[in-house]
Amino acid sequence: MPVLDRILAVIGRLFLVGANTALFAMLLVTALNVASRAFLGQGVVWAFPISIVCFVWMSFLGFFVVYRQNKDITVDFLLNAMPAPVRRGGRMLVDIAVIALLLIILREAPELIQRQVGNIEMVGIQRYWLSVPFFVSCALIALHFFSDLVHALKGHPEPEHHHVGDI
């Protein structure tokens, strides 16, 4: 599992850079649009579509990063009050449930991608490219929870945080 954990950490770092790059691109395009309106009296017509694509990519790339850094919202106060064996069992149950849900989503991915036809106006990419980062994040999150399941089965404590920068 150390190899998988290192690979997930590297991909997490890349996805964090990708999400931040998309955010920066949104900021840049919006600033360009505002400046164009202020100085030329006319907005940049492709600013909104580009910003939407960047926002979607930022969200879906950040989806994996949130789980990898353990920044997701959990309601585990009841489980934390239980004895260690019950906490471990709950951890494994959650891991299995999340993996199952993500596998269901991924099973539908090819059909969903196939339905997303046509170019995004003024951006020039196929519509399915909006959802590709989502499905990649789903696969990576499934691997993340699989790794945690293996760690739980080996009796390793639940990590406090998965820092993307840790390798």
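## Basis and helix assignment

Helices (H or I, at least four residues) and strands (E, at least two) are DSSP runs, numbered from the N terminus. This is a predicted model, in which local features need pLDDT of at least 70 and side-chain atom pairs count only at pLDDT 80 or more, while totals for chains, interfaces and linings use all residues. Residues are numbered from 1 along each chain as its sequence is written, and side-chain values use heavy atoms, with hydrogens and water left out.

The expected span of a helix is 1.5 Å times one less than its number of residues. Helix 5 has 22 residues and should span 32 Å, which agrees with the 32 Å between its end C-alpha atoms. Gly155 follows helix 5 and has a positive phi, near 85°.

## Nonpolar core

A nonpolar core is a set of buried Ala, Val, Leu, Ile, Met, Phe, Trp, Tyr and Cys residues joined through side-chain atoms within 4.5 Å. Buried means under 20% relative accessible area, exposed over 50%, and partly exposed in between (1.4 Å probe, protein chains only). The largest such core has 21 residues, and Leu8, Phe15, Phe64, Leu102, Leu140 and Ile141 have the most contacts inside it. At least two core residues come from each of helix 1 (2-40), helix 2 (47-68), helix 4 and helix 5. The most, seven residues, come from helix 5.

Contact means heavy atoms within 4.5 Å. Not counting residues up to four places away in sequence, Leu140 touches Leu8, Ile11, Phe15 and Phe64.

## Charged residues

A salt bridge is a side-chain nitrogen of Lys or Arg within 4 Å of a carboxyl oxygen of Asp or Glu. The count by this rule is three. One of them joins Arg91 and Asp148, with the closest N and O atoms 2.8 Å apart. Arg91 lies in helix 4 and Asp148 in helix 5, so the pair ties together parts that are 57 residues apart in sequence. Both Arg91 and Asp148 are buried.

Glu111 pairs with Arg115 in a salt bridge at 2.3 Å between the closest N and O atoms. These two residues lie in helix 4, four residues apart, about one turn of the helix. Glu111 is partly exposed at 38% relative accessible area, whereas Arg115 is exposed at 57%. Glu108 forms a salt bridge with Arg107, where the closest N and O atoms are 3.4 Å apart. Glu108 is partly exposed at 31%, and Arg107 is exposed at 59%.

Asp95, in helix 4, is buried yet has no salt bridge; Arg91, the nearest side chain of opposite charge, is 4.6 Å away. For charge, Lys and Arg count as positive and Asp and Glu as negative, while His and the chain ends are not counted. Leaving aside neighbours within four places in sequence, Asp95 is in contact with Phe145, Asp148 and Leu149.

## Loop between helix 4 and helix 5

Glu121 is found in the loop between helix 4 (84-115) and helix 5 (132-153). Glu121 is exposed, with a relative accessible area of 62%. Val117 is also placed in the loop between helix 4 and helix 5 and is exposed at 60%. Val117 touches Gln126 and Arg127, not counting residues up to four places away in sequence.

## Cysteines

A disulfide is a pair of cysteine sulfur atoms within 2.5 Å, and the structure holds zero. Cys54 is buried at 10% relative accessible area, and Cys138 is buried at 0%.
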